[in-house]
Amino acid sequence: MGMSVTISAATEDDAEHILKLQYLCYQSEARLYGDWGIEPLTQSLDSVRAELRSGRVLVARLGTEVVASVRAVLEADGTARIGKLVVHPRMQRHGLGGRLLTAIETQLLREGLARRFELFTGHRSESNLRLYRKHGYVPVGTEQVDERLSVVTLAKEAGAGAYAAA
């Protein structure tokens, strides 16, 4: 019998696992843009721990292994900024990224504070763009960072699209 994936709030003990997973997952983005200095690859463990304390972080576990993670910070204006949605390469293409995205949105909606969701990705990150559009996000801006990278910001209003009961 196979194990099922469970989604829960991350704990302080998850910080190192999240950082290692993030490092693994962002290798493909670094290759895609030819930039090995991107923040997810240079972030410190202390910084991840600070994010755990200041925002909302969910992890997906297969047994005891952290196989996916997502983070969100709620701004004073009700905008939830979602970031660093990562799924272990062997677990990709099975809907886990979408489940995590829905889970973080649902959590923020249940708290009654989120009015809008925003996230961003690189312009060449087609699988990310496809996932976000599938979940109701629409492009609201593009910023050219350098000759290799433009960052696409996507957003949706709280209540737009269907949210699964978690």
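Where is the place of leucine 19? Leucine 19 sits in helix α1, residues 15-25; helices here are DSSP runs of H or I with at least four residues, strands are runs of E with at least two, and both are numbered from the N terminus.

Two notes on method. This is a predicted model, in which local features need pLDDT of at least 70 and side-chain atom pairs count only at pLDDT 80 or more, while totals for chains, interfaces and linings use all residues. Residues are numbered from 1 along each chain as its sequence is written, and side-chain values use heavy atoms, with hydrogens and water left out.

Leucine 19 counts as buried because its relative accessibility is 18%; buried means under 20% relative accessible area, exposed over 50%, and partly exposed in between, with a 1.4 Å probe and protein chains only. Beyond residues up to four places away in sequence, leucine 19 touches Gln43, Ser44, Leu45 and Val48, where contact means heavy atoms within 4.5 Å.

The buried residues in α1 are Ala15, Ile18, Leu19, Leu21, Gln22 and Cys25. They fall within an arc of 165° seen down the axis of α1, so they line one face of the helix; the arc is that of the directions from the helix axis to the C-beta atoms. As background, an α-helix has 3.6 residues a turn, so residues three or four places apart point the same way. The buried residues of α1 pack against α2 (27-33), α3 (39-42), α4 (45-54), β2 (56-62), β3 (65-74) and β4 (79-87).

Next, the cores. A nonpolar core is a set of buried Ala, Val, Leu, Ile, Met, Phe, Trp, Tyr and Cys residues joined through side-chain atoms within 4.5 Å. The largest has 27 residues, and Ile82, Leu96 and Tyr137 have the most contacts inside it. Elements giving it two or more residues include β5 (116-122), α6 (126-134) and β7 (150-157). The largest share, 6 residues, comes from α5. Leu19 belongs to a second, separate core of 16 residues, which also includes Cys25, Tyr26 and Ala30.

Last, the aromatics. How many aromatic pairs does the structure hold? It holds 1. Tyrosine 132 and tyrosine 137 are edge-to-face, 6.3 Å centre to centre with 65° between the planes. Rings of Phe, Tyr and Trp (its six-membered ring) pair if their centres lie within 6.5 Å; planes under 30 degrees apart count as stacked, over 60 as edge-to-face and the rest as tilted. Tyrosine 132 is buried at 7% relative accessible area, and tyrosine 137 is buried at 2%.
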